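Please look over the sequence and the structure first.

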Amino acid sequence: MVDTVLLERAREAVCHFRTEGTTGEVRSWGSGHINDTFLVEGDTRYILQRMNRSIFTKPVEVMENITGVTSFLKEKIRNVGGDERRETLTVIFSEDGKSIYEDSCGDNWRMYYMIEDAMCYDQVESEQDFYESAKAFGNFGYLLSDYPAKTLHETIPGFHDTRARYDVFARAVEADVCGRAEAVRQEISFFQEREGIAGVLKQMQAERKLPLRVTHNDTKLNNIMMDKSTGKGICVIDLDTVMPGLAVHDFGDSIRFGASTGAEDEPDLSKVSLDLHLFELYVRGFLEGCQGSLTKEEIAMLPMGAKVMTYECGMRFLTDYLQGDTYFKIHREGHNLDRCRTQMKLVADMEANWVRMEQIVSRAANSKK
Ligand code: ADP
Ligand code: GN1
Ligand code: MG
């Protein structure tokens, strides 16, 4: 349902940015789970977002990261003769020269150019698109490999600390504030039985077997714009969580969302399974995009990245369901539970296909040598 009050506030916010030409209609846009996104029509079209206040408690730090990363990318794009206005986000500044406009209710608004002539998908529609998205996400990490990681703020502490997320989940089960735990015992057990995988990647990072890199951390298919005419992944968006992290997380998050035969929130689980062909395409595209920058150990851990990220995301959906749906936006009763179940189905499929996943990765890695 369109929230008319919010829409009105969005219209008001537009006036506070240094836009070019005349701006027109403002409407709700996209299907992200976190921020409120609006399209601003006009001579030049913009994306306006109300940043999620309870999740991003330090919005200025989020925007410092985004302006830093996008300026850095713009220079690289310019150097190869690319279109810096389309190939990365452009932060539009407010009248008083800030990257955020804070309204009278204390909400933080930001604006970007709309990436034109491009699409983003909530589910894979063509294999080629998925392959191209893999190249673009891999390349995103590659381009940021010489970014000064120490200057980045940790916008959401422990974002992919799966072990810590498990503890939050266990506490949510214990507290059971909405009285929902009893009815989802099976789902709860699923994550409890697999607790062991929660710490695997963190342990490898601690032992320096996996290097810390500048990563995106939210690499689902609807966080990349695909060029309508070339079919290439033209612009990686949703940069709120660009932070030091693991490349295998970026790989894995794309798999859990995109290499599924169903949507993330598909209620009919018979439609949801791991598509090994899509998995293989993504592996090949991602390795290509990374341009040889991944270590042997990182490559070997790609299947684990996929499994851990799917496990983590499913557990986060279940935690949110237990806590009363306060984190992810929901559009129907039980939405987070449906989302949780698709991730469980995918984890189970990965377990059943583990050897094949490993073979696919090693075959792809060897064919690149
Ligand atoms: P959330 O954190 O809520 O996922 P996103 O930044 O991913 O927010 O934006 C939500 C959606 O809005 C995206 O999936 C995409 O469809 C659209 N979108 C965001 N930024 C742009 C942009 N600069 N150009 C075109 N579409 C955009
Ligand atoms: C959220 O912001 P969005 O919708 O692109 C979430 C991701 C989850 C994803 C699940 C900041 O991504 O971590 O994997 O939902 N982003 C944040 O679809 O929590
Ligand atoms: Mg998003």
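How many residues surround ligand 2, and which are the closest? There are 18 residues around ligand 2, and the closest are His33, Lys220, Glu264, Arg316 and Tyr327; a residue is near a molecule if one of its heavy atoms lies within 4 Å of it.

This is a predicted model, in which local features need pLDDT of at least 70 and side-chain atom pairs count only at pLDDT 80 or more, while totals for chains, interfaces and linings use all residues. Residues are numbered from 1 along each chain as its sequence is written, chains are lettered from A and ligands numbered from 1 in the order in which they are written, and side-chain values use heavy atoms, with hydrogens and water left out.

**Ligand 2**

- A backbone N or O atom of His33 is 2.7 Å from an oxygen atom of ligand 2.
- Lys220 places a polar side-chain atom 2.6 Å from an oxygen atom of ligand 2.
- The side chain of Asp238 has an N or O atom 2.8 Å from an oxygen atom of ligand 2.
- Of the 440 Å² of accessible area that ligand 2 has on its own, the protein covers 98% (Shrake-Rupley method, 1.4 Å probe).
- Ligand 2 sits in the largest pocket.
- A pocket is an open set of points on a 1 Å grid over the protein atoms alone, where a 1.4 Å probe fits, with protein on both sides within 12 Å along at least five of seven lines.
- A molecule sits in a pocket if more than half of its atoms lie within 2 Å of its grid points.

**Ligand 1**

- Ligand 1 has 19 residues around it, with Asn35, Ile115, Asn222, Asn223 and Asp238 coming nearest.
- Asn35 has a backbone N or O atom 2.8 Å from an oxygen atom of ligand 1.
- For Ile115, a backbone N or O atom lies 2.9 Å from a nitrogen atom of ligand 1.
- Asp238 also reaches ligand 1: a polar side-chain atom lies 2.9 Å from an oxygen atom.
- The protein covers 96% of the 550 Å² of accessible area that ligand 1 has on its own.
- Ligand 1 sits in the largest pocket.

**Domains**

- The protein is divided into domain 1 (4–114) and domain 2 (127–367), with bounds from an automatic or database domain assignment.
- Their C-alpha centres lie 26 Å apart.
- The contact takes 24 residues from domain 1 and 26 residues from domain 2 (heavy atoms within 4.5 Å).
- Domain 1 and domain 2 each give at least three residues to the shell around ligand 1.

Note on methods: A polar contact is a pair of N or O atoms within 3.5 Å; within protein, one must be able to donate a hydrogen and the other to accept it, and residues adjacent in sequence count only if both atoms are side-chain atoms. On a 1 Å grid over the protein atoms alone, a cavity is a set of points where a 1.4 Å probe fits but cannot get out, and a pocket is an open set with protein on both sides within 12 Å along at least five of seven lines; lining residues have an atom within 4 Å of a point.
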